[in-house]
Protein chains: 2
Amino acid sequence: MTRFALTIEYDGRPFMGWQHQAHGPSVQQAIEDAARRILGEDVLVYAAGRTDAGVHALAMRAHVDVERPIGAFRLMEGLNAVLRPQPVAVLDCVEVAGDWHARFACTARHYEYRIRSRRAPLTLELGRAWRIANPLDAEAMAAGARQLIGRHDFTTFRSTHCQADSPLRTLDRLEVVREGELIRIFASARSFLHHQVRSMVGCLALVGQEKWTPDDIGEALAARDRAALGLNAPAEGLYFVAADYPA
Amino acid sequence: MTRFALTIEYDGRPFMGWQHQAHGPSVQQAIEDAARRILGEDVLVYAAGRTDAGVHALAMRAHVDVERPIGAFRLMEGLNAVLRPQPVAVLDCVEVAGDWHARFACTARHYEYRIRSRRAPLTLELGRAWRIANPLDAEAMAAGARQLIGRHDFTTFRSTHCQADSPLRTLDRLEVVREGELIRIFASARSFLHHQVRSMVGCLALVGQEKWTPDDIGEALAARDRAALGLNAPAEGLYFVAADYPA
């Protein structure tokens with residue numbers, strides 16, 4: 001048995017999310033099906049994060065245990081050949097110790113959320129960003145974001161379907177950067193609650209449109225009540241960017 | 001009669017190119033059809049550049065003459081509403097003088113060509129960049145590119161279907177910039193020959209893979225012979241980025 005660590009890029013649009021779903025295709029299933037075709041054995045793929053339907057990944061980390069002897073490079077090339085034309089690609093594949101775990105060993109997860117601030121509909125970025133037609137005040141959004149950094153009870157910013165034991169999380173980074181019409185929001189934490197990034201971004205978008213003040217973000221947080229949430233941002237702007245592991 | 005200048009963004013994948021084609025959809029036709037639905041009149045749209053099938057635009061410039069009284073903002077909003085879900089959007093629309101011409105008044109055209117230098121197939125960038133699996137030497141590509149800058153007979157880098165009277169063109173910029181796995185090639189000139197950017201990029205890719213030396217670019221140019229062309233790069237990596245006009 002050999003354990004391989006995979007780095008995976010995908011366009012989330014055709015998928016119901018990372019995890020197996022009874023009612024539609026998942027990224028996990030696509031990779032497991034490809035592995036079965038190459039290896040002739042059933043495998044399970046574990047990922048650092050279970051992204052929702054429509055969420056993209058630039059470098060999802062995952063691992064898989066393989067019985068049949070095969071080199072890392074051949075496994076990667078085989079997976080990529082079989083995965084086509086689905087928009088899933090294995091960027092890297094390395095052999096790791098049998099106790100390395102993509103989910104449980106992960107010490108930090110990094111997401112980016114992309115907003116396009118413009119009136120015109122999206123063309124090249126359709127399904128890859130959230131278009132907001134109203135003008136956005138990125139400075140106010142940054143001020144709102146700073147109220148969320150640190151260790152807090154994030155009940156307000158957590159899906160009612162979240163299965164985590166505790167609503168306490170430590171948010172290490174929530175940065176708002178404007179590049180022309182593009183507004184990039186960078187979020188980092190050891191782990192996130194279900195829908196946490198999208199819920200935080202949704203409220204920041206209200207601040208950007210001056211429907212909320214930056215202080216309303218702090219009040220929503222203090223409420224510890226999902227009903228205090230202003231808005232959950234759509235999945236299409238969210239990217240899983242990177243995961244950290246001990247050296 | 002009012003003349004409007006349009007700034008247009010499009011994803012080139014579903015189109016046979018900018019210009020009307022008997023055998024498939026074109027961007028020009030999509031905009032003219034949308035205008036007819038809004039205005040109830042037939043119009044012709046003239047663009048700064050006639051991009052090929054699969055080539056994208058971030059800010060194509062064009063103009064259209066309209067009989068019916070309508071404001072620029074209403075025309076833009078109407079076009080965008082009717083163009084959906086096609087990946088074409090009008091980013092800007094302004095009234096201009098009746099002698100302003102998107103093609104003939106244009107003093108410079110700017111293109112970008114995007115290469116992804118990696119083994120893995122593309123997912124999010126599929127149809128938006130040229131993937132080259134072999135490693136690329138961007139320094140050597142930049143050295144090759146410098147041999148093309150200036151006023152030259154570009155017969156080697158011109159499609160046999162090119163309808164321009166002269167093969168002489170002045171290339172003002174051909175710059176190669178590496179950003180991780182992405183190699184961006186910026187090309188600027190008053191005007192380009194048919195397939196000129198793709199032909200130059202194709203040969204630079206040979207230099208990057210060490211199949212050609214930088215000096216081979218100069219020799220191909222000096223040959224003034226289409227048969228001396230090494231490779232024509234695929235359309236999918238090419239973007240029309242901007243057009244300049246007198247103030």
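## Cysteines

The sulfur of B:C162 lies 16 Å from the closest cysteine sulfur, that of B:C203, which is too far for a bond. B:C162 is buried, at 14% relative accessibility (buried means under 20% relative accessible area, with a 1.4 Å probe and protein chains only). Over all chains the structure has zero disulfides, a disulfide being a pair of cysteine sulfur atoms within 2.5 Å. A:C93 is in no disulfide either, and its nearest cysteine sulfur, in A:C106, is 18 Å away. A:C93 is buried, with a relative accessible area of 8%.

## Basis of the model

This is a predicted model, in which local features need pLDDT of at least 70 and side-chain atom pairs count only at pLDDT 80 or more, while totals for chains, interfaces and linings use all residues. Residues are numbered from 1 along each chain as its sequence is written, chains are lettered from A in the order in which they are written, and side-chain values use heavy atoms, without hydrogens and water.

## Interface of chains A and B

Chain A and chain B each bring 25 residues to the contact (heavy atoms within 4.5 Å). About 1900 Å² is buried between the two chains, 57% of it on carbon and sulfur atoms; this is the accessible area, with a 1.4 Å probe, lost on putting the two parts together, summed over both.

Four salt bridges cross the interface (a side-chain nitrogen of Lys or Arg within 4 Å of a carboxyl oxygen of Asp or Glu). One of them joins A:E9 and B:R118, with the closest N and O atoms 2.8 Å apart.

Notes
Buried < 20%, exposed > 50% of the residue type's maximum accessible area, 1.4 Å probe, protein only.
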